[in-house]
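Here are my notes on the model. Please keep the structure open while you go through them.

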Amino acid sequence: MRSAWLADARFRRRLHALGWACFIGAVAGAGALGTSGVGRLDALITDAFLHWSPRALPDDVVIVAVDDASLAALGRWPWPRDVHARLLDRLTAAGSRAVGLDLILSEPDPAHDAALAAALRRHGHVVLPLHFTPGQMLGQPPGGMVSLPVPALAGAAAGLGQLHVDRDADGLVRALFLREGFGSVSWDHFAVALLRQARPGIDLPEPAPDPADGTGAAGTAGTAGRAGRAEAGRWNRSARFLIPFAGPPGSVRRVSYVDVLRGRVDAATFKEATVLVGATAPGLTDAYPTPVSRTEALMPGVEITAQALVALREGRTLRPPTWWQGALLAVTPLLLALAVLRRTRPRVGLGVALGLMPAIVVLAWALHHLAGVVWAPSAALAGLALVIPLWSWQRLETALAYFEREFHRVRERLPPRDGLAVSASGGDPLDRRMAALTAAASRLRQLEGQRRQAMDFLSHDLRAPLSATLALIELADAGAGADANGPTLAAIEVQTRRALALAEGFVELARAEAPEALRTAPLDLRDVIVEAVDGAWSEARQRGVAIETRAPVEEAVCDGDVALLVRAVGNLVDNALKYGRAGGVVRCELSRTATGWRIDVASQGEPLAPAEAAPLFDRFARAAGGAARATAGAGLGLAIVRSVARRHGGDAGWRPADDGNLFFIELPRAAG
């Protein structure tokens, strides 16, 4: 039965280890695969980081806003293109570095296109947008619809850039692609094209290659036609750029279009500035929800471009961790929580696990803010949220198995058909098992009380008549002299003494093993040896044996029970006198060891073989030699020695001596 329990315990441990390995692997896999941060919880957390860490944007990036005031002053949209030409001339005169006209210029305006084209050439660093719709969105073959500026304007512009943004599954704009197109034709994003005009030679995260058809930075600027199908081919997107938004809508410096046009804005505002001209008026703009905007305050597309441009110019980038970094970040808090749970109380482990959750969020914020790493922490948070119930479930299962096993072990110690009945109703399985174990332990305590009564019976009621019988035999023997009954009385005396020795030895062994028998206090082992040797002096004198004692000068302090230790050492000395050579020497030596003290009792005589010595510490075991057969004994003396030594945290043993046998007791040093 016990081997079956052990096998079941090993199986449970292996099963639990396998379960935890699978759980940790699942968390690691979720951390490795969840690095994009598009999960709802991850999005909420990482979006919040942008609110926690706002940045001041530079004044040399300015939005000229087509706002409500401009529409009220200049009339219905779209305005004649000579209006934009006059605006460009003012920006040219103010010394602006580059200008991005975020305006749809795909329809011709014959009366004013020439004026705008001339203004574009006078400035020399103006970028125009192109708009395209991927064919996949239109249900068309590979390719898509591209809306280019009219040829006259496209040819006069310094460059073209696409204005496509990337929406996540929740509809928010968090990223854009620095390069997009179809087949072999692709364009830089508008922010990249404008930044190349403002800062020629700037080192960007991933420089965009020229299109394969050789159209250069202007993309298809030389392609005729206002709109048409892009070259058939796969829709290509590269260099996904997570936008590190610096703040909510309105964070980029804005001036009204009409104010600039009418000279109401200081020209110094645009000196060496990068200017974006675009719509911000509600209903006119392509506004988007972003992590830093509210539903009622969407961010205009021109400001998304401006914030991306500033981040690219300053080298601020966001990137997800690699798969192994995500896995490591996800499992490290889980492993830490498990290590604490294995070594501390449940409430401490719970506190650590709960405390790690905000720590994970703080770590994710630090990675986002200081290293530009967008770590999705939901896998780590979910792992910590599950580790406590899973750990509690496992420990509860283990506790239930332990209670059941201990109940059966206790019940096995009870007499057969003892009549132990345990109610199986009421409470959960743990309550029932605890009730069963409590009932079994109660019954075992009853039996322990009966055992103590039996001990008292052996100690008093049985030994007393045996002692009285011996006394009567001695009196009768002294009075009868050489009477015929002498041999009979002698045989009765021998058997009575053997029975008395057996009873006394059994009582002493039971006392040594009883849990309540040990009464420890600091003591000097030198006094123990002196008392044990004094008790054996008379026996040694009768056998003609000399007892030599050796002890250190300093105190040999040990925590122990004086009576039990004196009895144990006395048993070794008595054993040496009985089985040693008559007229020899018994050496009793106390010495210091690395961890405590050692008491050696050596006798002269026939040495034992190791196979003979090993069983001598078992109950009722005696040596097989002639000396043993000639000496009365119950075979309990050395069993008592070993029991006393182990009760004190030590041990007892045997080894051969130069001219006989040596038995020893090892004891730990006193605490403190």
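1. In which hand, left or right, does α8 pass α10? The crossing is right-handed.

2. Some ground rules. This is a predicted model, in which local features need pLDDT of at least 70, side-chain atom pairs count only at pLDDT 80 or more, and totals for chains, interfaces and linings use all residues. Residues are numbered from 1 along each chain as its sequence is written, and side-chain values use heavy atoms, with hydrogens and water left out.

3. The overall picture. The protein has 21 helices and 21 strands. These are DSSP runs, numbered from the N terminus: helices are H or I with at least four residues, strands E with at least two. Of the 672 residues, 45% are buried (under 20% relative accessible area, with a 1.4 Å probe and protein chains only). Take the contacts (heavy atoms within 4.5 Å) with a separation of 6 or more: residues 24 or more positions apart account for 78% of them.

4. Back to the first pair. Helix α8 covers residues 190-198 and helix α10 covers 301-314. Their axes come within 9 Å and cross at roughly 55°. Axes here are lines fitted to C-alpha atoms, for helices over the stretch in contact, and angles run from 0 to 180 degrees between N-to-C directions. The angle makes α8 oblique to α10. Oblique is what remains after under 35 degrees (roughly parallel), over 145 (roughly antiparallel) and 65 to 115 (roughly perpendicular).

5. Who meets whom? From α8 come Phe190, Ala191, Val192, Leu194 and Leu195; from α10, Thr305, Ala308, Leu309, Leu312 and Arg313. Eight of these residues are nonpolar, one is polar and one is charged. Nonpolar covers Ala, Val, Leu, Ile, Met, Phe, Trp, Tyr, Cys and Pro; charged covers Asp, Glu, Lys and Arg; the others, Gly among them, are polar.

6. Now helices α16 (residues 525-535) and α18 (residues 562-579). Their axes come within 9 Å and cross at roughly 55°, so α16 is oblique to α18. This crossing is right-handed. Leu525, Val528, Glu531 and Ala532 of α16 contact Val562, Leu565, Val566, Val569 and Gly570 of α18.

7. Last, check Arg174 in strand β7 (residues 173-182). Arg174 is buried, at 10% relative accessible area. Its side chain makes a polar contact of 2.8 Å with that of Asp168 (a pair of N or O atoms within 3.5 Å, one able to donate a hydrogen and the other to accept it; residues adjacent in sequence count only if both atoms are side-chain atoms). Beyond four places in sequence, the contacts of Arg174 include Asp47, Asp166 and Phe241.

Definitions and conventions: Left-handed = near helix turned anticlockwise from the far one by under 90°. Buried < 20%, exposed > 50% of the residue type's maximum accessible area, 1.4 Å probe, protein only.
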